[in-house]
Amino acid sequence: ETALSIGLSSKLLHGEMTLHSILGSSESDVRDQIGKALEVSGEILPRSPFRPSAFSRSVSASVPATLQAVAVTGEALDSILEGGDKDIQRDFYRLCCDAQTVMVCRVSPKQKQQVVELVEEFSQSCLSLAVGDGANDVAMIQAARVGVGISGKEGIQASRAADFSIGQFRFLQRLLFVHGAEAYRRNSFLINYIFYKNITFTIPI
């Protein structure tokens with residue numbers, strides 16, 4: 001209930017969303033809940049064999065674009081990740097791809113790390129980004145391709161373990177779309193220049 005209240009206050013959740021709650025304590029219960037959620041998700045959104053991200057997927061005009069959210073407890077997540085069943089892990093990943101918001105409550109640092117590894121395992125083309133502000137986020141930050149630490153009341157452990165450090169969460173937008181975009185442009189130019197220089201020196205010889 002605390003996690004849902006925070007989600008509503010931060011506008012990650014709202015009344016028009018279809019909320020899927022994964023609260024089972026055993027692997028069979030979790031499997032059934034994920035299966036039922038996928039059935040509902042298939043009725044709301046068109047199915048795609050490629051399972052693209054919910055943010056980049058184009059929804060057919062004939063299908064109502066109902067927003068979805070997933071809430072998972074740490075106990076249920078433990079059944080998904082520790083069981084070693086790839087089918088249930090893949091179904092959980094598919095369900096999360098259909099949702100605009102995924103909230104996991106009462107999780108350990110190890111589970112945060114495992115969630116990042118799960119996403120990277122089933123989405124080879126993705127570039128994972130983890131943001132944390134405390135010592136319990138260090139494992140998650142180090143598991144992601146790009147780690148961002150927020151230095152604040154929780155200490156500086158996350159900032160020390162991260163690739164980038166910011167003072168407030170709102171600075172993340174500028175870090176990605178201004179500094180990140182500029183770094184991407186400069187690296188791309190450098191790579192093209194290296195190829196050009198090598199070809200120029202090699203062909204005359």
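The legends below describe close-up views of a predicted model.

**View 1. The largest nonpolar core of the predicted model.** This core has 17 residues, and those with the most contacts inside it are Ile 22, Val 30, Ile 34, Val 72, Ile 80 and Phe 92. At least two residues of the core come from each of the helices α2 (27-44), α3 (74-82) and α4 (86-98), and at least two come from the strand β2 (68-73). In soluble globular proteins, nonpolar side chains tend to be buried together. Leaving aside residues up to four places away in sequence, Ile 80 is in contact with Val 30, Ile 34, Ile 88, Gln 89 and Phe 92.

**View 2. The crossing of helices α3 and α4.** The axes of these two helices, α3 and α4, come within 8 Å and cross at roughly 125°. Because angles from 65 to 115 degrees count as roughly perpendicular and those over 145 as roughly antiparallel, α3 and α4 are described as oblique to each other. On the α3 side the residues that meet the partner helix are Leu 77, Ile 80 and Leu 81, and on the α4 side they are Ile 88, Gln 89 and Phe 92. Two of the residues in this view, Ile 80 and Phe 92, are also listed among those with the most contacts inside the largest nonpolar core.

View 3. The side chain of His 20 is joined to that of Gln 68 by a polar contact of 2.8 Å. When residues up to four places away in sequence are not counted, His 20 touches Ala 37, Val 40, Gln 68, Ala 69, Val 70, Ala 71 and Leu 95.

**View 4. A salt bridge within helix α2.** The number of salt bridges in the model comes to nine, and one of them pairs Glu 27 with Arg 31, whose closest N and O atoms are 3.4 Å apart. Both Glu 27 and Arg 31 lie in helix α2, where they are four residues apart, about one turn of the helix. Glu 27 is partly exposed, with a relative accessible area of 30%, and Arg 31 is likewise partly exposed, at 35%.

**View 5. The salt bridge between Glu 121 and Lys 86.** In this pair the closest N and O atoms are 2.7 Å apart.

View 6. The closest N and O atoms of Asp 137 and Lys 112 are 2.6 Å apart. Asp 137 is placed in the loop between β4 (129-132) and α6 (138-143), whereas Lys 112 is in helix α5, so the pair ties together parts that are 25 residues apart in sequence. Asp 137 is buried, with a relative accessible area of 6%, and Lys 112 is buried as well, with a value of 19%. Elsewhere in the model, salt bridges that share partners join Glu 27, Arg 31 and Asp 85 into one network.

Terms used
Residues are numbered from 1 along each chain as its sequence is written. This is a predicted model: local features need pLDDT of at least 70, side-chain atom pairs count only at pLDDT 80 or more; totals for chains, interfaces and linings use all residues. Side-chain values use heavy atoms; hydrogens and water are left out. A nonpolar core is a set of buried Ala, Val, Leu, Ile, Met, Phe, Trp, Tyr and Cys residues joined through side-chain atoms within 4.5 Å. Buried means under 20% relative accessible area, exposed over 50%, partly exposed in between (1.4 Å probe, protein chains only). Contact means heavy atoms within 4.5 Å. A polar contact is a pair of N or O atoms within 3.5 Å; within protein, one must be able to donate a hydrogen and the other to accept it, and residues adjacent in sequence count only if both atoms are side-chain atoms. A salt bridge is a side-chain nitrogen of Lys or Arg within 4 Å of a carboxyl oxygen of Asp or Glu. Axes are lines fitted to C-alpha atoms, for helices over the stretch in contact, and angles run from 0 to 180 degrees between N-to-C directions. Angles under 35 degrees count as roughly parallel, over 145 as roughly antiparallel, 65 to 115 as roughly perpendicular and the rest as oblique.
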